[in-house]
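Here is a short report on one protein model. Please read it with the sequence and the 3D view open.

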Amino acid sequence: MLEQLSDFYFLNRAAAFSIPEILIALFVAFAIGLFIYIVYTKTYRGVMHSSSFGIALVAMGLITTLIILAVSSNLLASLGMIGALSIVRFRTVVKEPLDLVYLFWSISVGIVVGVGLIPLAVIGSVVIGLILFVFVNRKVNDTPYVVVISCSAEEAETQSVMLLKDKTKKHVVKAKSVSAEGVELTVEVRLVESSSQFVNSLLCIEGVKSATLVSYNGDYYM
């Protein structure tokens with residue numbers, strides 16, 4: 001009778017993993033998570049990377065590994081986990097596309113390690129890390145910029161456009177705003193040898209009140 005009752009005890013329905021196997025899986029997930037964090041800090045192109053996001057990458061791999069270990073050999077746990085995760089809503093907006101890459105990488109590592117494919121997780125992470133190091137840190141000389149010019153007269157607008165034509169490799173007018181105070185131009189440009197000296201020349205034009213050079217990656221040059 002006791003043996004029959006023990007069959008319904010929840011510990012006997014748990015996944016049949018030994019403690020060393022669980023510790024090895026968590027250790028591998030933690031080590032690869034640290035590698036992902038290092039790659040994230042080395043390839044971040046902004047002013048200051050988010051340390052909390054880096055820690056979240058490490059924790060994401062560990063949590064995903066635990067989930068996969070639980071659901072891989074227990075049907076009840078997998079059904080319960082699906083129901084629990086279906087009500088979770090994430091409100092944080094990910095603005096940088098590469099952040100999505102790191103999140104998906106960390107989750108994928110947790111899944112692969114959780115099912116026991118540790119060599120695949122290690123080799124795949126090394127390859128992904130090398131690819132990110134090469135392409136993200138590669139210097140691109142033809143980076144697009146946006147010039148915002150505020151003019152008080154039409155003649156200043158014409159001279160500004162002519163100066164951009166002479167001092168940049170390419171220029172395209174993206175927007176033009178006209179008001180009682182004057183004209184505001186938004187022009188996409190490609191710099192010549194990364195030189196931004198032409199912005200100073202714009203202020204020398206009579207009628208130009210301000211000129212701002214804006215990089216698409218968030219850097220501002222005044």
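Helices (H or I, at least four residues) and strands (E, at least two) are DSSP runs, numbered from the N terminus. The model is predicted, so local features need pLDDT of at least 70, side-chain atom pairs count only at pLDDT 80 or more, and totals for chains, interfaces and linings use all residues. Residues are numbered from 1 along each chain as its sequence is written, and side-chain values use heavy atoms, with hydrogens and water left out.

## Overall layout

The protein has eight helices and five strands. Along the sequence they follow the pattern α-α-α-α-α-α-β-α-β-β-α-β-β. Of the 222 residues, 29% are buried (under 20% relative accessible area; exposed is over 50%, partly exposed in between; 1.4 Å probe, protein chains only). Contact here means heavy atoms within 4.5 Å. Among contacts between residues at least 6 apart in sequence, 67% join residues at least 24 apart.

## Helix H5 and its partners

Helix H5 covers residues 97-114 and helix H6 covers residues 118-136. Helix H3 spans residues 51-71, and helix H2 spans residues 19-43. The table lists how H5 packs with each of these partners. Axes are lines fitted to C-alpha atoms, for helices over the stretch in contact, and angles run from 0 to 180 degrees between N-to-C directions.

| Helix pair | Axes come within | Crossing angle |
|---|---|---|
| H5 and H6 | 10 Å | roughly 165 degrees |
| H3 and H5 | 7 Å | roughly 30 degrees |
| H2 and H5 | 10 Å | roughly 165 degrees |

Angles under 35 degrees count as roughly parallel, over 145 as roughly antiparallel, 65 to 115 as roughly perpendicular and the rest as oblique. A crossing is left-handed if the near helix is turned anticlockwise from the far one by less than a right angle, and right-handed if clockwise. For residue classes, Ala, Val, Leu, Ile, Met, Phe, Trp, Tyr, Cys and Pro count as nonpolar, Asp, Glu, Lys and Arg as charged, and the others, Gly among them, as polar.

Take H6 to begin with. The axes of H5 and H6 cross at roughly 165 degrees, which means that H5 is roughly antiparallel to H6. The crossing is left-handed. H5 contributes Leu98, Tyr102, Trp105, Val109, Val112 and Val113 to the contact, and H6 contributes Leu120, Ala121, Ser125, Ile128, Gly129, Leu132 and Val136. These residues divide into 11 nonpolar, two polar and no charged.

Next comes H3. The axes of H3 and H5 cross at roughly 30 degrees, so H3 and H5 are roughly parallel to each other. H3 passes H5 in a right-handed crossing. From H3, the residues in contact include Phe53, Leu57, Met60 and Gly61; from H5, they include Asp99, Tyr102, Leu103 and Ser106. The contact divides into 10 nonpolar, six polar and one charged.

Then H2. H2 and H5 are roughly antiparallel to each other. Their crossing is right-handed. Ala25, Val28, Ala29, Ile32, Phe35, Ile36, Val39, Tyr40 and Thr43 in H2 meet Asp99, Tyr102, Trp105, Ser106, Val109 and Val113 in H5.

## Residues in the helices

Ser125 lies in helix H6. Ser125 is buried, at 3% relative accessible area. A polar atom of its side chain lies 2.7 Å from the backbone oxygen of Ala121. Not counting residues up to four places away in sequence, Ser125 touches Ile32, Phe35, Trp105 and Val109.

Gly54 sits in helix H3. Gly54 is buried, with a relative accessible area of 0%. Its C-alpha is 7.2 Å from that of Tyr40, 14 residues apart along the chain. Gly54 touches Tyr37 and Tyr40, again leaving out residues up to four places away in sequence.

## Residues in the strands

Val147 belongs to strand E1 (residues 144-151). Val147 is buried at 0% relative accessibility. Leaving aside neighbours within four places in sequence, Val147 is in contact with Leu185, Thr186, Val187, Val189, Phe198, Leu202, Thr212 and Leu213. Val147 and Val173 are 26 residues apart in sequence and 9.4 Å apart in space, C-alpha to C-alpha.

Glu188 is in strand E3 (residues 182-190). Glu188 is buried, with a relative accessible area of 15%. Its side chain makes a polar contact with the side chain of Arg190 at 3.4 Å. A polar contact is a pair of N or O atoms within 3.5 Å; within protein, one must be able to donate a hydrogen and the other to accept it, and residues adjacent in sequence count only if both atoms are side-chain atoms.
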